[in-house]
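User: I am new to reading protein models, and I would like to learn how to look at one feature after another. Could you take me through this one?

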Amino acid sequence: MAANAGRHIAIIGGGIGGLTAALAFARQGAQVRIHEQAPAIAEVGAGLQITPNGARALDALGLSDRLDQIGLRAAGVQPMDALRGRAVTQFDLTRQTPPYRFLHRADLIGLLARACADAGVQINLDAQINDLGATGMAGADLTIGADGLHAVTRPLLNQTECPFFTGQVAWRAIIPATDAPRVAQIWMAPGRHVVTYPLPENRLNIVAVQERAAWAAEGWHHADDSANLRAAFADCAPVLRDLLARVQTCHLWGLFRHPVADHWHNGRIALLGDAAHPTLPFLAQGANLAIEDAATLARITDAQPDLAAALTTYQEARRPRVSRAIAAANANARNYHLSGLQRRVAHLGLKTLGKIAPDAFINRLGWLYNFDPASSE
């Protein structure tokens, strides 16, 4: 049964989730149009990690070889003592299937956009969707809201919500780096941490988080003085300070907690990605969960001719899983920032785990990484 063949699908938002959904529906024979408010399909952001769960959906769309062309296969994850500049331990990622990869967002956006164009997806740029009715875009059987944190679609399905500032801000930057190991390093310090990992073309991605009372606006595009980033980690080890000293431009955003949406659809409109479930950046799952949503939505609606029933199945399948992932990310926000005795005990535990049960850390994430959104099994 191929229920999506011939359906008209409108997608609001041309980011990673929207493009993945567009490609998945187009491959099923749907007529797909993306409505993107920007003048071009592009992303000036930074790096991202595509974990095996997200990679399975992209593999099912035939993109595996091209992911290897634009990304780096990760060797491991390395918790670091930011104050001493030493690795606490390292956990192996080389046996992950599909591979765990580091990519630049712009490269993944470009790959998906080209694949969509090849599949016949129509992309409407400079599309400002400010007034959308309860039935979605005119002429569409299904309208998909993939329009991110400040979605037009989410308020149509959910009452007014009040996100709250978490007391944390984050900087992002990219620096040249010719010798960066192919590992994600998590530099942990009391009340703050830095995550670094390599990107193609000899670059290093940096995301730094600090607990503080002074809030910053949401969104990735607020420029900040790199001196503020360096000051936040001024008491850390020289090796980390040297990395941050190479940052010339950076952006700052406030981390806000948003609830997982109560309602993901109304029978004609469906939400995916950040429009449904914004997450904090402490589990590398924002893009992966959006990719999962896209693959799951296309798979379920293609299998069920009754679109409203299919969308109910989609929400029932996705909401518990994303809620669990968000809870895990929230826990990392605490674990990375421990101090005093708690910090010493936690580091000793990680070091011991790395020596006597090196697979245990990754196995604890088996529920996350082993999931296949492209399969109904």
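User: Let me begin with the pockets: which residues line the second largest pocket?

Analyst: The general idea is that rolling a probe the size of a water molecule over the atoms shows where empty space is left. Please keep in mind that this is a predicted model. Here the second largest pocket has a volume of about 340 Å³, and its lining is made of Asp81, Arg84, Arg86, Ala87, Val88, Gly340, Arg343, Arg344, His347, Leu348 and Lys351. The elements that give two or more residues to this lining are strand E6 (86-87) and helix H10 (340-356).

User: Which element gives the most to the lining of the second largest pocket, and what classes of residue are found in the lining?

Analyst: Helix H10 gives the most, with six residues. Sorted by class, the lining of the second largest pocket holds three nonpolar, two polar and six charged residues. Thr352 and Val88 are 264 residues apart in sequence, but their C-alpha atoms are 9.4 Å apart in space.

User: How should I read a sheet, and what is the strand order in the open sheet of five strands?

Analyst: In general, strands of a sheet pair through backbone hydrogen bonds, either parallel or antiparallel. The open sheet of five strands has the order E9-E2-E1-E10-E17, and its pairing is parallel. Its edge strands are E9 (122-124) and E17 (269-271), each of which pairs on one side only, and the twist averages 20° from one strand to the next. Within this sheet, strand E1 (residues 8-12) and strand E2 (residues 31-35) pair in the parallel sense over five bridges, with Ile12 standing opposite His35 in E2.

User: What order do the strands have in the open sheet of three strands, and is the pairing there parallel or antiparallel?

Analyst: That open sheet has the order E3-E8-E4, and its pairing is antiparallel. The edge strands are E3 (47-50) and E4 (72-73), each pairing on one side only. Strand E3 pairs with strand E8 (residues 101-104) in the antiparallel sense over four bridges, and Ile50 stands opposite Arg101 in E8. In the loop between strand E7 (91-92) and E8 lies Pro98, and the peptide bond from Thr97 to Pro98 is cis, with omega near -5°.

User: Why is strand E13 described as largely enclosed by the rest of the structure?

Analyst: A residue counts as buried when its relative accessible area is under 20%. Eight of the eight residues of strand E13 (residues 192-199) are buried, so the strand is largely enclosed by the rest of the structure. Helix H2 (residues 52-60) is also largely enclosed, because seven of its nine residues are buried, namely Pro52, Asn53, Gly54, Ala55, Arg56, Ala57 and Leu58. Just after H2, Gly62 takes a positive phi of about 80°.

User: What is the phi of Asp126, and is Asp126 buried or exposed?

Analyst: The phi of Asp126 is near 55°, a positive value in a residue other than glycine. Asp126 is found in the loop between E9 and strand E10 (142-145), and it counts as exposed because its relative accessibility is 52%. Ala284 likewise has a positive phi near 55°; Ala284 is found in the loop between E17 and helix H8 (286-303), and at 26% relative accessibility it counts as partly exposed.

Technical notes
Residues are numbered from 1 along each chain as its sequence is written. This is a predicted model: local features need pLDDT of at least 70, side-chain atom pairs count only at pLDDT 80 or more; totals for chains, interfaces and linings use all residues. Side-chain values use heavy atoms; hydrogens and water are left out. On a 1 Å grid over the protein atoms alone, a cavity is a set of points where a 1.4 Å probe fits but cannot get out, and a pocket is an open set with protein on both sides within 12 Å along at least five of seven lines; lining residues have an atom within 4 Å of a point. Grid points are joined across faces, edges and corners, and a volume is the space filled by probe spheres set on the points. Ala, Val, Leu, Ile, Met, Phe, Trp, Tyr, Cys and Pro count as nonpolar, Asp, Glu, Lys and Arg as charged, and the others, Gly among them, as polar. Two strands pair if DSSP finds at least two bridges between them. Axes are lines fitted to C-alpha atoms, for helices over the stretch in contact, and angles run from 0 to 180 degrees between N-to-C directions. Buried means under 20% relative accessible area, exposed over 50%, partly exposed in between (1.4 Å probe, protein chains only).
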